[in-house]
Amino acid sequence: MNNIVVFGGSSHPSLVDKICGNLGVKPSQVKLGKFSNGETSISIGESVREKDVYVIQSGCGHVNDNFIELLILLNACKTASASRVTAVMPYFCYSRQPDIPYTAKGAPLISKPKESYTFESVPGTPVSSMTSTQAPTGPSHDALNAGNDTENKKHDGPTNLHQPKPVRFAGDGAIHKSPSQSRIPMVPERKENSSELGSLFNANNAGYKLWVAQAGTLVANLLTTAGADHVITMDLHDSQFQGFFDIPVDNLYCKPIAHSYIQYNIPEYKEAVLVSPDAGGAKRAASLADALGISFALIHKEKRSQLPKGPPDASLTSGGGAAISGKPLIASMSSLALNSQEMKTSGSNSRYVQTTMLVGDVRNKTCILVDDLVDTSYTITRAAKLLKDQGATKVYALITHGVFSGDALNRVSLSAIDKIVVTNSVPQHKTVKFLGKDRVHVLDVSQIFGESIRRIHNGESISMLFELGW
Amino acid sequence: MATNSIKLLAPDVHRGLAELVAKRLGLKLTDTKLIRDPTGEVSFSIQESVRDQDIFIITQIGAGVVNDRVLELLVMINACKTASARRITSVLPNFPYARQDRKDKSRAPITAKLMADMLTTAGCDHVVTMDLHASQIQGFFDVPVDNLYAEPSVVRYIRENINFSEAIIISPDAGGAKRAAALADRLDLNFALIHKERARANEISKMVLVGDVTDKICIIVDDMADTCGTLAKAAEVLLENRAKSVIAIVTHGVLSGKAIQNINNSKLDKVVCTSTVPFEEKMKLCPKLAVIDVSAVLAESIRRLHNGESISYLFKHSPL
């Protein structure tokens, strides 16, 4: 490996060492630190003149510090006459376009951070408050009893077990209990008073619809400005993100290692179901399911302005899943006000119902949830809950980037997820420590990055990396 | 109808200076919301239309989370740009990374240049700053940069608060000699210089005084006070040379690290900083700190910029 120089940022030194180990080079000398006033200071200890430079920095930890450190490193290499500078960002920060869902009045559906929660409030409980025919023993019990129930029901008659039916239920007052949208940015604590928030969006200035800055192009331009000639990343949240750059972006996939993990570590994986927790990840999950030759299910979230009509018991006769869990599936939702402020001003017109549909059959099956990113973990924990309620025996969560911010780990540990499989694109010591070795498996992506760096350095094709299993 | 008016924006922390400027201009700060992800990523939204408006973003960058402030500013600029603002001016009284302005070692980053490029990339059309550590930084930009001077405000402060007939202006290093000499000329005072040898960043080794300070009130003038090690040491050197008392006036009171401790333990009578850097909390810990308000200068420069008037008047005069 001639003329190659690999620098590691301060975000993820162990991954840097692993990647360098794969390449058979040593990480180059660089001193990273801060001046006393908080400005980032770096000094590069090796010549980079006419070298092919790779700077590895994951967008984790203190994101802004790490990102600016990356920019300064890139710039320093560029101004020190490096022939090519490549930014290697295993997890690309700011890759999610912040989107705030709106109410009819233009107020964003921002939920306040909760101080405490219980497992019950985490994934909206699908137990209807109106169910009186059977006393539900609680969702977690149902999940456990699901197997037994199936045994009993089988004798009762044809319940068309193998026909997947869309199943719909709604959280019981879930929105004001817990943040319902996983990817809504949180409002800082300062805005404790929700009426303060409400007053910003009252009828007087409802004419101007609030929008949120999109940082995607900005981050892309900043990297280019700093001097990056090439970007390597993995499982970008939006593949359109590549279009924001004027320089080549290689988006690697962790699919090959996920594939081999499932093949070798999940017993009877041929019977398992791959589940995408939201519509956005459907393609990712479907392609993995195709590669493995196993079935695929999708969880679809929908916000409806109207309550579904009809008595809740109606679905009891028709829904296969309903017969098993012994509960009405279209749980009658107590009308969900988006926030209390909203309710007062608009009355009953702006009542929304969050419905979650599972498309596909998961009964008595092992489920593998596949997602590219887990941050607050609301999506994945709710999805796991729903799957267990629908009779899944075991729930795996296969995640590329486990950021686990805030109290996400706490939530995951209380959730119905039996095993989390996550890559080391972001440091995972905390995850392993918190959840225990049995519940977490960390996949190593250094080989993929090492190989792609080697190929890019040698000018070889890296497209075969996408097909090759590891 | 095309109306083109000033919109003042400020991030959600350290709004003090921005609010003073807004008050002086008779405006209100635009309603904005900075949202911090639990991961630390920021997103930003503006609650008013900024289409075709003249935007001024006033950011105070203090010690500590510099990078967060920088990225917030970039996101704010970009948000205004994509919201079709006519012109976006960053008012950065204390320019971040101003001291990393040259390649002083092999492969050292010129971060000030990178900051300039980043601001331009984000969509900044104009920069207003104050007492740049090196005025050459103006050349790093492809957009106009107005480097305001704190000097008129400092002159006013000295005239109003110090018995300046007995005073002498001291430059704590050779680099600041020009600034100190200019101030001494304005006040018609003598001027002395301390030569220091710096071993590493934020550390000083040896100091030599050039000039006579016997029985004088020494006013140390510098553009930036960081850990204040230099100032404390300079005060000692001056008092050893029979100075009567020592006051320090600095433009950017970053006051990081052990600064408060250093000032409290030093022989300095007073450390006066301009309000370019937020240090209100530190004033409670350190009775020796005082502040010169520069909001008037910034407000006047914003008004003049908006109306297309000359701002060179502000280089010599301090508006009330």
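How many helices and strands does chain A have? Chain A has 16 helices and 16 strands. Keep in mind throughout that this is a predicted model.

**View 1. Chain A on its own.**
Here's chain A, with its 16 helices and 16 strands. Of its 470 residues, 48% count as buried. Now take the contacts in chain A between residues at least 6 apart in sequence: 70% of them join residues at least 24 apart.

**View 2. Chain B on its own.**
Chain B has 10 helices and 14 strands. Its radius of gyration is 20 Å, close to the 20 Å that the globule rule gives for 320 residues, so chain B is as compact as a globular protein of that length. If you box up its C-alpha atoms along the principal axes, you need roughly 65 × 40 × 35 Å. Of the 320 residues in chain B, 52% count as buried. As for contacts with a separation of 6 or more, 62% of those in chain B come from residues 24 or more positions apart.

**View 3. Where chain A touches chain B.**
This view turns to the place where the chains meet. Chain A puts 48 residues into the contact, and chain B puts in 48 residues too. On the chain A side, the elements giving two or more residues are β3 (40–44), α2 (63–79), β7 (211–212) and α6 (215–226). Which of them gives the most to the side of chain A that touches chain B? That's α2(A), with 10 residues. Sorted by class, the residues on this side of chain A come out as 29 nonpolar, 16 polar and three charged.

**View 4. Helix α2 of chain A against helix α2 of chain B.**
Two packed helices are described by the angle between their axes and the distance between the axes. For α2(A) and α2(B), the angle is about 80° and the axes are 8 Å apart. An angle of 65 to 115 degrees counts as roughly perpendicular, and α2(A) and α2(B) are therefore roughly perpendicular to each other. From α2(A), the residues making the contact are A:N64, A:D65, A:F67 and A:I68, and from α2(B) they are B:N67, B:D68, B:V70 and B:L71. By class, this contact of α2(A) with α2(B) has four nonpolar, two polar and two charged residues.

**View 5. Helix α6 of chain A crossing helix α2 of chain B.**
Helix α2(B) turns up again here, this time with α6(A) as its partner. The axes of these helices, α6(A) and α2(B), come within 10 Å and cross at roughly 120°. Are α6(A) and α2(B) roughly parallel or oblique to each other? They are oblique, and the crossing of α6(A) and α2(B) is right-handed. A:A215, A:L218 and A:L222 in α6(A) meet B:L74, B:V75 and B:N78 in α2(B). The class count for the contact of α6(A) with α2(B) is five nonpolar, one polar and no charged residues.

**View 6. A closer look at B:N78.**
Is B:N78 buried or exposed? B:N78 counts as buried because it has 25 C-beta neighbours inside 10 Å, and the cut-off for buried is 20 or more. For a sense of distance, B:N78 and B:S135 are 57 residues apart along the chain, and their C-alpha atoms are separated by 26 Å.

**View 7. A:S276 and its neighbours.**
Back in chain A, A:S276 is found in strand β10 (residues 273–276). With 25 C-beta neighbours inside 10 Å, A:S276 counts as buried. Leaving out residues up to four places away in sequence, A:S276 touches A:G281, A:A282, A:R284, A:A285, A:L298, A:I299 and A:V370. A:R49, on the other hand, is 227 residues from A:S276 in sequence and 47 Å from it in space, C-alpha to C-alpha.

A:N364 isn't a glycine, yet its phi is positive, near 55°. Look for A:N364 in the loop between β12 (353–359) and β13 (366–374) of chain A. A:N364 is partly exposed, with 14 other C-beta atoms within 10 Å. Over in chain B, B:D215 is a residue other than glycine with a positive phi, near 55°. B:D215 lies in the loop between β10 (206–210) and β11 (217–225) of chain B. B:D215 is exposed, with 11 other C-beta atoms within 10 Å.

Technical notes: Residues are numbered from 1 along each chain as its sequence is written. Chains are lettered from A and ligands numbered from 1 in the order in which they are written. This is a predicted model: local features need pLDDT of at least 70, side-chain atom pairs count only at pLDDT 80 or more; totals for chains, interfaces and linings use all residues. Helices (H or I, at least four residues) and strands (E, at least two) are DSSP runs, numbered from the N terminus. The radius of gyration is taken over C-alpha atoms; the globule rule is 2.2 Å times the number of residues to the power 0.38. A residue is buried if 20 or more other C-beta atoms lie within 10 Å of its own, exposed if 12 or fewer, and partly exposed in between; C-beta atoms are placed from the backbone. Two residues are in contact if their C-beta atoms, placed from the backbone, lie within 7 Å. Ala, Val, Leu, Ile, Met, Phe, Trp, Tyr, Cys and Pro count as nonpolar, Asp, Glu, Lys and Arg as charged, and the others, Gly among them, as polar. Axes are lines fitted to C-alpha atoms, for helices over the stretch in contact, and angles run from 0 to 180 degrees between N-to-C directions. Angles under 35 degrees count as roughly parallel, over 145 as roughly antiparallel, 65 to 115 as roughly perpendicular and the rest as oblique. A crossing is left-handed if the near helix is turned anticlockwise from the far one by less than a right angle, and right-handed if clockwise.
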